[in-house]
Amino acid sequence: MKWKKLFVAPAVCAALALTACSGAGEGEGAAEGGGGGTSGGGGVLRIGVTSDIDSMNPFVGINEIAYAVWMHIYPSLLQYDTADPASPYKGSLAKDWELSEDGLTLTFNLVEGATWSDGEPLDADDVVWSLGLFHKYNETVASGWSVGSNITSIEAPDEHTVVLTMAEPSALSLTNVATTPLLPEQVWAEHDTDDGEGLKTFDNVPKDGEPMVGGGPFLITQYRKAELAVFTANPEWYGAKPTISGFGLQTYKVADAMITALAGGNIDAAGGVPPTGLDTLDKPDITIDSYPALALRDFAINSNPDKPDNRELLEPDVRKAMEHAINREEIVETAWVGKAEPGDSILPPTTGTNGQLWYNENIQTIGYDIDEANRLLDEGGYAPGSDGIRRAEDGTAMSYEVIFADDESGPGDRAFQIIKADFEKIGIEITQRKLDTSATWDAIYCGDDCQYRDFDLFMWNWHPGQDPNFMMSAMTCEQWGSWNDVGYCNPEFDELNEKQAKAIDPTERKAILDEMQQIVYDDRPYIILTYDVRNDAWSSDWDGFVRSTQGFFNSRSTQTLEQVHKK
């Protein structure tokens, strides 16, 4: 088993070419811009994770942990202050910023003296080139980002100033560019070929032990897909110098192996510990932090109106019956041992920006009711066969395969078994087909010639953006083949999505978003099962971890990895 290749300190030291792996030295202080100050000497933080970096390429990867890696190796204009779930932005490459009163001009003033890790200047021209690249391909290879069509120009009046001009005022002017990774032109320009398709074929991994060119607080020096990623502190980082010399990510396919490694001292920290592993880590030398996360678990129903088979799944009352047969309370208590919350909206309660929470607390929901589920199916004419499984109008059994992403393993497996048992009570049979995350997407979308036509159901998760626009836009018709993973398309929803994006007033925007949440709930492309309680754990020899709705290693901020240190 791969987990037996433990991520022990000597291996990391060798990979990082460091000599202070067990040291507790003090890091450098804050540096305003460029400097080649000494990187931290506080050792290497060894982190265990259960999610795979599906791709190092920002035009390909979709997993949350890949976005977290890009946050740490590439510069961004801003970051979130992750101490607050409705957090404001804080400066990064931009030391300050201003949106004009008419909402049409956004100006960033950059730190001075910043450089890329190869010594090339990191200034306004780099920002213009990089954001321009994402903007040019915002409807094609860069559609996973948000540098969209509302931007009419991106200019650098001088080397420390970037000015964006918008076609119309938008609630998203800052959100659309704040944390987008800024890529080094000297590396990426040659791959801008074939209408951007060349950007997707670049593997973007370190070669021959040499770190990739970056501009974040860390540089990646080693990467083995689904196994290991090793990072060293970037001496050219323009911000506060990290206290640690570097860190590593060890991927565990089995969460129990990660827990065993932390309990045994073979790693220093673990992100996203399953609740069933908390008892093992309940030790004096381990710190456990549990708190509401920005994450949800879903049971998804194919919503492509052109799906050729099992078309009864498109019927509203069948979807409603399915939800009536899902016992969220039991899933929380049994699958998650109480470390989760029942779900309903596609926006978790922790979704918030600039002091505003966006979750609809008044969403009208239905509850667990097996009798009502059976009544709906009876009235729909779905009579049981001799085997107890109901039949659709064409006589086919209501027996469905559930595609199951393997990063849902553990609590998700137990949730599946609870749903399966309750579905049997209403005459619906489900079977589990477990796939890795890349294969899960392939089975769902199945290519441009297929587009969601072949699957029936799946179970997966979402780690949405802090701003609600990401999750809402993922549900739109234009996101088919990109972030839309269920074939959902509702023109009324899309029209409201355009309105919420333009609503500058938070109260007005909240009202629109509340309506959108109710629409998606009633249409049921997803039955939201639970909202996560995040469980992170680390050796009590370490301190400086900053809580975030996405964990201490996240795509919102580099705060933890900049300041974490040995006691």
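The structure holds 28 aromatic pairs, where rings of Phe, Tyr and Trp (its six-membered ring) count as a pair if their centres lie within 6.5 Å, with planes under 30 degrees apart called stacked, over 60 edge-to-face and the rest tilted. The model on screen is predicted, and local features need pLDDT of at least 70 and side-chain atom pairs pLDDT 80 or more, while totals for chains, interfaces and linings use all residues. Residues are numbered from 1 along each chain as its sequence is written, and side-chain values use heavy atoms, with hydrogens and water left out.

**Stop one: ring pairs.** Select Phe-59 and Phe-134, which form a stacked pair, 5.2 Å centre to centre with 20° between the planes. This pair links distant parts of the chain, since Phe-59 sits in the loop between β1 (44-49) and α2 whereas Phe-134 belongs to helix α3 (residues 124-136), 75 residues away; helices here are DSSP runs (H or I, at least four residues), as are strands (E, at least two), and both are numbered from the N terminus. Phe-59 is buried at a relative accessible area of 6%, and Phe-134 is buried at 0%, where buried means under 20% relative accessible area, exposed over 50% and partly exposed in between (1.4 Å probe, protein chains only).

To see how ring pairs join up, select Phe-59, Tyr-67, Trp-70, Phe-134, Trp-145, Trp-188, Phe-202, Trp-462, Phe-470 and Trp-483, which ring pairs link into a cluster.

**Stop two: charges over rings.** Select Arg-509 with Trp-358, where the arginine lies over the face of the ring at 4.9 Å from the ring centre; a charge sits over a ring if NZ of Lys or CZ of Arg is within 6 Å of the ring centre and within 35 degrees of the ring normal. Arg-524 lies in a like position over the face of Tyr-521, at 5.0 Å from the ring centre.

**Stop three: the nonpolar cores.** Select Leu-45, Phe-108, Phe-247 and Leu-249, which touch the most other members of the 108 residues in the largest nonpolar core; such a core is a set of buried Ala, Val, Leu, Ile, Met, Phe, Trp, Tyr and Cys residues joined through side-chain atoms within 4.5 Å. Helix α2 (residues 64-73) contributes the largest share of this core, seven residues. Apart from this core lies another, of 34 residues, including Leu-376, Phe-416, Ile-426 and Ile-527.

A volume is the space filled by probe spheres set on the points, which are joined across faces, edges and corners. The elements giving two or more residues to this lining are β4 (94-99) and α15 (506-523), with the largest share, three residues, coming from β4.

A search of the whole structure finds two cavities of 30 Å³ or more, a cavity being a set of points where a 1.4 Å probe fits but cannot get out.

About 30 Å³ of space lies in the second largest cavity, which is lined by Asp-344, Ser-345, Ile-346, Gln-517, Val-520, Tyr-521, Tyr-526 and Ile-528. Here α15 gives the most, with three residues.

**Last stop: an exposed loop.** Select Glu-361, in the loop between β15 (356-357) and α10 (370-379), which counts as exposed at 69% relative accessibility. Glu-361 and Asp-514 are 153 residues apart in sequence but 8.5 Å apart in space, C-alpha to C-alpha.

Note on methods
On a 1 Å grid over the protein atoms alone, a cavity is a set of points where a 1.4 Å probe fits but cannot get out, and a pocket is an open set with protein on both sides within 12 Å along at least five of seven lines; lining residues have an atom within 4 Å of a point.
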